[in-house]
Amino acid sequence: MTHATNGELPRYLELTPKSRSITQEGKHYLPGADTRSSAYWPPYPIVLERGQGCRIWDVDGTERLDFIVSFTTLVLGHSHPQVVAALQSQATRGATFASPTESQYRLAKLLRQRIPSLELLRFTSSGTEATMNCLRAARAFTGRTKIAKAEGGYHGTHDLASVSVRVDPARAGDPRRPASLPSNAGVPQSVVDEVIVFPYNDTQATCQILEAHARELAAVIVEPVLGSGGMVPAEPAFLAMLRELTQRHGIVLIFDEVMSLRAGFHGAQGHYGVTPDMTALGKVIGGGLPVGAFGGKQDIMELYNPTKGPAIAHSGSFQGNPMTMTAGLVTMELITPQVYQRLEALAHRLREGIRAVCAEFEVPVHVTGLGSLYGIHFTGGPVRSYRDVAAADKALAYQVFLGLLNEGIMMHPNLLGCVSLPMTEAEVDHHVEALRTVLARR
Ligand SMILES: Cc1ncc(COP(=O)(O)O)c(C=O)c1O
């Protein structure tokens, strides 16, 4: 990326010499010094030393407010004392075994009680594995092979999910009839051919596309909030249409709630009052340790029942490990409906503050989000879909991202973020002030 940054880049370079030298050296061991595409930005990311509550410190000693917390994972912030204590205690009793521990049943019970669609569930070690299993189960259950997903929808990194995630709109064609395009090299055309792509929040066009393929479709997978695609909430009519259509055609409706669990105590499905057949979870439910979960209707999940075969074997060295289960359980117990209300109020204040500051500087902006999630898009138009997100001013976004880092605010490079429990109005207002400073020197 070679955008003009109006002094933000030189300032960033000045603030981050140690991060620069560590990543320079790291290039000898990791390609481009990176091991996680979403945690890279040019010219190099800050290298972190520690986090506490809603604050992080980099190796150069700079303190920042963390408005992305490992891509929305840590609702309680970094190193919450109760999570740390539970992990310390578990670590002394063993980190991982080849038999279950009670903690996996306790976390499964909590999730089943909280998320309406989860009649039965299983754990994985990532959200990627969770969506992969939802799709496999849907194919096994229906005997069909095609799946449908939204353009711009992110469901992890397995092959079926690597279609039409971040694609060049010019190549993807008509926004109302988006082409299925591989998002990564190495995804075979045979896989791309299995994936039907629909335009997020375009109820009429999506309905037509899905109707045309209904008899071939095993599953429709969708994020109730387009997360890394821009924090764009689904419109209720869109989800209602998906529920009705899939039910009518015997297609498994999968909600990917890996991120949108932040939208409400009962997930986004509780918020919208739409119950899918299957749900994928991750991030928050592991309390900061690697995790995923998937589940849904009993008859689908019975495919995994070992006493009945199983029809689908599903193993993984770290599935249900007691460290993750313990951290997840403590975290989920602490995230009460009141916590959700508080986070929602803080995020509302932040979204309003960002809008007001941009209006002051006459910068066209659309601030999206739901619950504790928010996204900043520099565009005058509405933001309802991937194409709307892609049309926003990316050069200004990069300048603002670096500027916010220089002013002590950490977001995702695409200006996506979230609030977490250790934050107060003061931290939110600090974020808004930092944006004012950055826009003033633009
Ligand atoms: C909606 C959604 N699905 C799936 C995933 C993949 O989860 P993981 O990174 O744990 O593999 C993510 C990760 O950001 C996500 O946001």
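These questions and answers go through a predicted model, from its ligand site to its backbone geometry.

User: Which residue has a side-chain N or O atom 2.6 Å from a nitrogen atom of the ligand?
Analyst: The model is predicted. The ligand is surrounded by residues including E223, D256 and K283. A polar contact needs N or O atoms within 3.5 Å. A ligand nitrogen sits 2.6 Å from a side-chain N or O atom, and that side chain belongs to D256.

User: How far is the polar side-chain atom of K283 from an oxygen atom of the ligand?
Analyst: K283 is one of the residues around the ligand. A polar atom of the K283 side chain faces a ligand oxygen at 2.9 Å.

User: How many residues of the shell around the ligand are polar?
Analyst: The shell includes S126, G127, T128, H155 and G156. Split by class, it has 3 nonpolar and 3 charged residues. The polar count is 5.

User: Which element gives the most to the lining of the second largest pocket?
Analyst: This pocket holds about 710 Å³ of space. Its lining has 30 residues, and Q104, Y105, L121, R122 and F123 are the closest to its centre. Two elements, α5 (102-114) and β4 (120-124), each supply at least two lining residues. The top contributor, with 5 residues, is α5.

User: Why is the pair of F265 and Y340 edge-to-face?
Analyst: The structure has 7 aromatic pairs. The ring centres of F265 and Y340 are 6.1 Å apart. Planes over 60 degrees apart count as edge-to-face. The F265 and Y340 planes meet at 85 degrees, so this pair is edge-to-face.

User: How many residues apart in sequence are the parts that F265 and Y340 tie together?
Analyst: F265 sits in the loop between β10 (252-256) and α11 (267-272). Y340 belongs to helix α14 (residues 337-360). The pair therefore joins parts whose separation in sequence is 75 residues.

User: What is omega for the peptide bond from G309 to P310?
Analyst: P310 is in the loop between α12 (298-301) and α13 (322-334). The bond from G309 to P310 is cis, with omega near -5 degrees.

User: Where is P43 found?
Analyst: The P42 to P43 peptide bond is cis, with omega near 5 degrees. P43 is in the loop between α2 (17-26) and β1 (48-52).

User: What is phi of T72?
Analyst: T72 is part of helix α3 (residues 69-72). T72 is not glycine, yet its phi is positive, near 80 degrees.

Definitions and conventions:
Residues are numbered from 1 along each chain as its sequence is written. This is a predicted model: local features need pLDDT of at least 70, side-chain atom pairs count only at pLDDT 80 or more; totals for chains, interfaces and linings use all residues. Side-chain values use heavy atoms; hydrogens and water are left out. A residue is near a molecule or strand if one of its heavy atoms lies within 4 Å of it. A polar contact is a pair of N or O atoms within 3.5 Å; within protein, one must be able to donate a hydrogen and the other to accept it, and residues adjacent in sequence count only if both atoms are side-chain atoms. Ala, Val, Leu, Ile, Met, Phe, Trp, Tyr, Cys and Pro count as nonpolar, Asp, Glu, Lys and Arg as charged, and the others, Gly among them, as polar. On a 1 Å grid over the protein atoms alone, a cavity is a set of points where a 1.4 Å probe fits but cannot get out, and a pocket is an open set with protein on both sides within 12 Å along at least five of seven lines; lining residues have an atom within 4 Å of a point. Grid points are joined across faces, edges and corners, and a volume is the space filled by probe spheres set on the points. Helices (H or I, at least four residues) and strands (E, at least two) are DSSP runs, numbered from the N terminus. Rings of Phe, Tyr and Trp (its six-membered ring) pair if their centres lie within 6.5 Å; planes under 30 degrees apart count as stacked, over 60 as edge-to-face and the rest as tilted.
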